[in-house]
Amino acid sequence: MISLICFIFMINISIAYSQDKTVTVPDRDTPVAQNSDVVNKIDGTPVLLGDTTLFVIQKNVGSFSPQERAEAVSNRLEKIANDPSTSLENLQVIENADITNIVVGDKLLLTLTDKDAKAANQTRQILGKEYLEIIKNTIIQYRKERSLGNILKGIIYSFISTLVLLILLKVFNQVYPRIITRLQNWTGIRIPELRIQNIELLPAARVSNIVTRLVKIIRTILVISIFYIYISLVLSFFPWTKQISSRLISYFLAAIYKSWLAFADYLPNIFALALIIFISYYSLKFIRYLFTELGNGTISVPGFYNDWAEPTYKLVFLIIVALALVLAFPYLPGFGSPAFQGISVFLGILFSLGSTAVVANVVAGTILIYTRAFQMGDRIKIGEAIGDIVEKTLLVTRIRTIKNVIITIPNGTVLTSQIINYTALSQDPNYYLILHTTITLGYDVPWRKVHQVLIDAAIATNNILTEPIPFVLQTSLDDFYVSYELNAYSNKPMLMANIYSDLHQNIQDKCSEAGIEILSPHYSAVRDGNQTTIPENYLSEDYKAPGFRLSSLNNLFNPDNSKNTPNL
C-alpha cells in the first residue's frame with residue numbers, strides 16, 4: 001500500500017514539474033524587483049496561464065510597463081483558453097516593419113518589439129515563432145487538463161487514494177496494539193535494563209516505556225506523513241489545485257533536503273561525540289575494575305583503606321562524566337545559538353543559587369569518608385541521635401535507632417556536630433568500650449562495701465567482660481551522699497541498651513542483698529518511723545520497722561536528757 005502511494009506520488013511530481021518549466025520565475029503578483037531568489041536572475045514579469053509560466057516580458061512598450069504588458073497578455077490567454085469555440089488554427093504571427101504581433105483571428109495577443117528580441121538575444125521573427133509555439137502547446141495542455149475525461153480521471157484517482165488511505169489507517173490500528181503488546185512482553189527479556197557496569201541507570205520497565213513512547217511518536221509521524229502525501233496527491237489530480245500540490249511537494253522535498261544537509265554537516269560532531277562516549281565508557285570500565293580489586297584487597301596501596309574504594313570510585317565516576325560532558329558540550333546541536341547560550345546561563349545561575357547547601361553537603365560527605373569518622377554498621381551518636389549507620393552517601397547519613405526509626409542527617413550537620421563512635425575500638429583488646437552508670441548513697445554506707453557490691457553486679461551482667469575487671473570511681477562527695485560511678489568493659493556496643501538494663505537490675509538486686517537502700521539520702525534523714533525500702537524477700541524474718549522517737553519539750557533545752565528518750 002505504501003509503495004502504491006509513493007509510486008503515484010512520484011508520478012505526479014514528475015508531471016507537475018514537466019508542465020512548469022520555469023518554476024524559478026516569480027509569481028504573477030510578486031514584483032520581480034522584490035524577489036532575489038530567482039535562479040536565472042532574469043529581470044521581468046512572467047506571462048502565466050493557470051499555474052504555468054510561458055515566458056517573461058522584460059521591456060516596456062510606450063507607456064506600458066512589463067508588469068502591465070504581462071498582465072494583459074495573461075488575461076487574454078486565459079479568455080482564449082477558456083473559450084472552446086476559439087480555434088488554435090487562427091493563431092498566427094504577423095510581421096510589420098517595427099513590431100511583430102501574435103494574433104488569434106482578429107484579436108491581438110502580444111506585441112513584440114526589437115527591445116524584446118534584444119533582451120532575449122534573438123531576432124524578433126524567431127522570438128515570435130517560439131512564443132507562438134509555446135502559446136499553442138500551453139493552451140492545448142490547459143484545455144486537456146480541464147476536460148471532462150481528465151476531471152473524471154482525477155476523481156477516480158482521488159477515490160483510489162482515499163481507499164488506500166483508509167486501508168493503511170486500518171492496518172495501523174490493527175498492527176500498532178500488537179506491537180505495543182509485544183514490547184511489553186519483551187520487558188526484561190529482549191528489552192533489558194540500562195546500566196553502566198554495576199550502576200543501573202534505568203530499570204527494564206522504564207526502558208520499555210521509553211521504547212513504547214518512541215513507537216507512538218513514530219506512528220504519529222507516519223500518520224501525519226501519509227495524510228500529507230494523500231492531500232498533495234488529491235490536489236494534484238485537478239488543474240485548479242495543482243499549483244497548491246506543487247508547492248506542498250516542494251515544501252516537503254525542501255524539508256527533506258535541508259534535513260539531509262543538516263545531518264551531513266553534523267556528521268563530524270556525531271563522530272566526535274561517539275569518540276568521547278567510547279573513551280569515557282571504557283575508562284569507567286577500567287576504573288571500575290581497578291577499584292573493585294582495591295575493595296576486595298586483591299590490589300593494595302599503602303595508606304589506602306579498602307572501604308575507600310567504593311566512594312572513591314563514585315567521585316572519579318562523577319569527575320569523568322563531568323569532564324565528558326564539558327568536552328561534548330560544544331558538539332551538541334545548536335551549541336552556538338543565542339537561545340542555547342541563554343538557557344545555559346540561566347541554568348548556571350539557577351544551579352549556583354540553589355545548590356549551595358547541596359555542594360556543602362557533598363564536600364562534608366567527602367570529608368567524612370576520608371576521615372573515617374564511622375563505617376557502615378557502627379553504633380554512633382550524632383547530637384541527640386543514637387543508632388547504627390545504615391547508609392552513607394555524599395549528601396546524607398542515615399542511622400537506625402534501637403527503636404527501628406531511620407534518622408536522615410545532612411552531611412553538613414554531621415560534620416559540624418560531635419560524633420561519638422561506640423564501635424570503632426570495641427574489638428581492640430586494649431581499648432574495649434567502657435559502659436558506666438552512677439549511683440548515689442549516703443555516708444552511713446561503707447564505701448568499700450559499695451565498691452564490692454557494684455563490681456559484683458557488673459560481673460553478674462551478661463556481655464560485661466570479667467577481664468579487664470570492672471572498677472568504681474567516687475566522683476563527688478556531696479552534702480548528704482557520695483556519687484559512685486561503676487565502669488565495666490564490653491565488646492558488644494550494639495547491645496548497649498540491653499546491657500545497661502541488665503546492669504541496673506543487677507545493681508538493685510546486689511544492693512538489696514547487701515542491705516543497702518538505694519534512695520535519696522535526704523529521704524533517709526527524715527524518714528523517722530518508716531519501714532526500710534529494701535524488698536521484703538531480702539529482710540530477716542524478725543525485722544520490725546523502727547518506731548517514732550518522742551522527747552519532751554524540756555529536752556529541746558537540755559540535750560543531755562534526750563539520750564534517755566524512748567522510741568514508740
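Me: Buried means under 20% relative accessible area. Is threonine 401 buried or exposed?

Reply: This is a predicted model. In it, threonine 401 has a relative accessible area of 14%. That value is under 20%, so threonine 401 is buried.

Me: Where is threonine 401 found?

Reply: Threonine 401 sits in the loop that runs between β10 (396-400) and β11 (406-410).

Me: And what is threonine 401 in contact with, leaving aside its neighbours within four places in sequence?

Reply: With those neighbours set aside, threonine 401 contacts Ile386, Gly387 and Ile407.

Me: Let us turn to arginine 190. Is it buried or exposed?

Reply: Arginine 190 is exposed, and its relative accessible area is 62%. Its position is in the loop between α5 (148-185) and β6 (194-196).

Me: How many residues apart in sequence are arginine 190 and serine 208, and what is the C-alpha to C-alpha figure?

Reply: Arginine 190 and serine 208 are separated by 18 residues in sequence, while their C-alpha atoms lie 9.8 Å apart in space.

Me: Now the helices. At what angle do α7 and α8 pack?

Reply: Helix α7 (residues 242-296) packs with helix α8 (residues 309-328) at about 170°, and their axes are 10 Å apart. The two helices are therefore roughly antiparallel to each other, since an angle over 145 degrees counts as such.

Me: Which residues in α7 meet α8?

Reply: On the α7 side they are Leu273, Ile276, Ser280, Leu284, Ile287, Arg288, Phe291, Leu294 and Gly295. The residues they meet in α8 include Tyr313, Val316, Phe317, Ile320 and Val321. By type, the residues of the contact of α7 with α8 comprise 15 nonpolar, 3 polar and 2 charged.

Me: What about α8 and α10: at what angle do they pack?

Reply: α8 and helix α10 (residues 356-371) pack at an angle of about 145°, with 10 Å between their axes. The crossing of α8 past α10 is left-handed.

Me: Which residues in α8 and α10 meet?

Reply: Pro311, Thr312 and Leu315 in α8 meet Thr366, Ile369 and Tyr370 in α10. The residues of that contact divide into 4 nonpolar and 2 polar, with no charged ones. Thr312 of α8 is also among the residues that meet α7.

Me: One further pair, α12 and α13. How far apart are their axes?

Reply: The axes of helix α12 (residues 447-459) and helix α13 (residues 496-513) are 8 Å apart, and the helices pack at about 135°. That angle makes α12 oblique to α13. Their crossing is right-handed.

Me: Which residues make the contact of α12 and α13?

Reply: α12 contributes Val453, Leu454, Asp456, Ala457 and Ala458, and α13 contributes Leu503, Asn506, Ile507, Lys510 and Cys511. The division is 7 nonpolar, 1 polar and 2 charged.

Me: Stepping back to the chain, how many helices and strands are there?

Reply: The chain has 15 helices and 15 strands. It has 568 residues, of which 32% count as buried. Of the contacts between residues at least 6 apart in sequence, 54% join residues at least 24 apart.

Me: What pLDDT does the chain average?

Reply: The average pLDDT is 81, and 85% of the residues score at least 70. Over residues 1-41, however, the pLDDT is below 50. Beyond near neighbours in sequence, that stretch has 51 contacts in the model.

Notes: Residues are numbered from 1 along each chain as its sequence is written. This is a predicted model: local features need pLDDT of at least 70, side-chain atom pairs count only at pLDDT 80 or more; totals for chains, interfaces and linings use all residues. Side-chain values use heavy atoms; hydrogens and water are left out. Axes are lines fitted to C-alpha atoms, for helices over the stretch in contact, and angles run from 0 to 180 degrees between N-to-C directions. Helices (H or I, at least four residues) and strands (E, at least two) are DSSP runs, numbered from the N terminus. Angles under 35 degrees count as roughly parallel, over 145 as roughly antiparallel, 65 to 115 as roughly perpendicular and the rest as oblique. Contact means heavy atoms within 4.5 Å. Ala, Val, Leu, Ile, Met, Phe, Trp, Tyr, Cys and Pro count as nonpolar, Asp, Glu, Lys and Arg as charged, and the others, Gly among them, as polar. A crossing is left-handed if the near helix is turned anticlockwise from the far one by less than a right angle, and right-handed if clockwise. pLDDT is the predictor's confidence in each residue, from 0 to 100. Buried means under 20% relative accessible area, exposed over 50%, partly exposed in between (1.4 Å probe, protein chains only).
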